[in-house]
Amino acid sequence: EVADYARSVGVSVAGVSGKVVANLGEMNMYNFETGVKGLAKMAATSERLGISMDHVFQQAENLMNPEKAIDMSAALQRLGVTSSGLLDPLRAMDMAQNDPEALQKEMVNLGKEFTTFNEKTGKMEILPGAKRRMREVADAVGMTGKEFAAMALKSADFEMKLKQIKMPNFAGDDETKELI
């Protein structure tokens, strides 16, 4: 099932299966909405965007504490984050306990507002005026600025490529689009 999922989204089967095996013990600590497939999806995202699954699980562990969940949500609100499930401490605690894959997606989504496409270089870049704020957001979600920036750039680049490709009719689901 893990190998089939990794192949279906076009990421390294060895990388995803290795991460799933390494984090199989997390299945006992957290509830994954779709079981092993949820862990495989999380590993595939980690493989594609270079996000450490350990950081996500550490943040999930932190969010189990209501005080830390409130502190993180308040920090993100103070920093002007507008669209994230992490702004609600109860929702963040729920994701931490019941859906670490969704928690990872929310962390990835935070980085989208810090990137832009540079027409001259043809690459994604971090917005010049947002670098200090980005470091503070990264700190609030338990990542270093460098890790958060790399994740944001890879995520924005991947999303831009998906939007640029005109998908054929048979590519109806997200997994087929990601494979293409």
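1. A quick term before we start: a residue is called buried when its relative accessible area is under 20%. Keep that cut-off in mind for N23, whose relative accessibility is 9%, so N23 counts as buried. All of this is read from a predicted model.

2. Staying with N23, where does this residue sit? You'll find N23 in the loop between α2 (13-22) and α3 (26-29). Setting aside neighbours within four places in sequence, N23 is in contact with L39, M53, D54 and F57. So this is a loop residue that is buried, given its 9% against the cut-off of under 20%.

3. Now the overall layout. The protein has 11 helices and two strands. Going from the N terminus, the order is α-α-α-α-α-α-α-α-β-β-α-α-α. The radius of gyration is 16 Å, close to the 16 Å the globule rule gives for 180 residues, so the protein is as compact as a globular protein of that length. If you want dimensions, the C-alpha trace spans about 50 × 45 × 25 Å along its principal axes.

4. Of the 180 residues, 41% count as buried. The accessible surface comes to about 9,600 Å², and carbon and sulfur atoms hold 51% of that. As for contacts with a separation of 6 or more, 58% of them are between residues 24 or more positions apart.

5. Which residues touch the most other members of the largest nonpolar core? They are L76, L86 and F148, in a core of 50 residues. Helix α4 (residues 36-49) supplies the largest share of this core, with six residues.

6. Not counting residues up to four places away in sequence, F148 touches M107, L110, G111, F114, M134, V137, A138, V141 and M143.

7. L153 belongs to helix α10 (residues 145-164). Is L153 buried or partly exposed? With a relative accessible area of 27%, L153 is partly exposed. Beyond its neighbours within four places in sequence, L153 is in contact with T115, M124, E125 and I126. For a sense of distance, L153 and K41 are 112 residues apart in sequence, and their C-alpha atoms are 20 Å apart in space.

8. Last, the charges. I see 22 positive and 26 negative side chains in the protein. The centres of these two sets lie 8 Å apart.

Notes. Residues are numbered from 1 along each chain as its sequence is written. This is a predicted model: local features need pLDDT of at least 70, side-chain atom pairs count only at pLDDT 80 or more; totals for chains, interfaces and linings use all residues. Side-chain values use heavy atoms; hydrogens and water are left out. A nonpolar core is a set of buried Ala, Val, Leu, Ile, Met, Phe, Trp, Tyr and Cys residues joined through side-chain atoms within 4.5 Å. Buried means under 20% relative accessible area, exposed over 50%, partly exposed in between (1.4 Å probe, protein chains only). Helices (H or I, at least four residues) and strands (E, at least two) are DSSP runs, numbered from the N terminus. Contact means heavy atoms within 4.5 Å. The radius of gyration is taken over C-alpha atoms; the globule rule is 2.2 Å times the number of residues to the power 0.38. Accessible areas come from the Shrake-Rupley method with a 1.4 Å probe; for residues, only the protein chains shown count as cover. Lys and Arg count as positive and Asp and Glu as negative; His and the chain ends are not counted. The place of a charge is taken as NZ of Lys, CZ of Arg, CG of Asp or CD of Glu.
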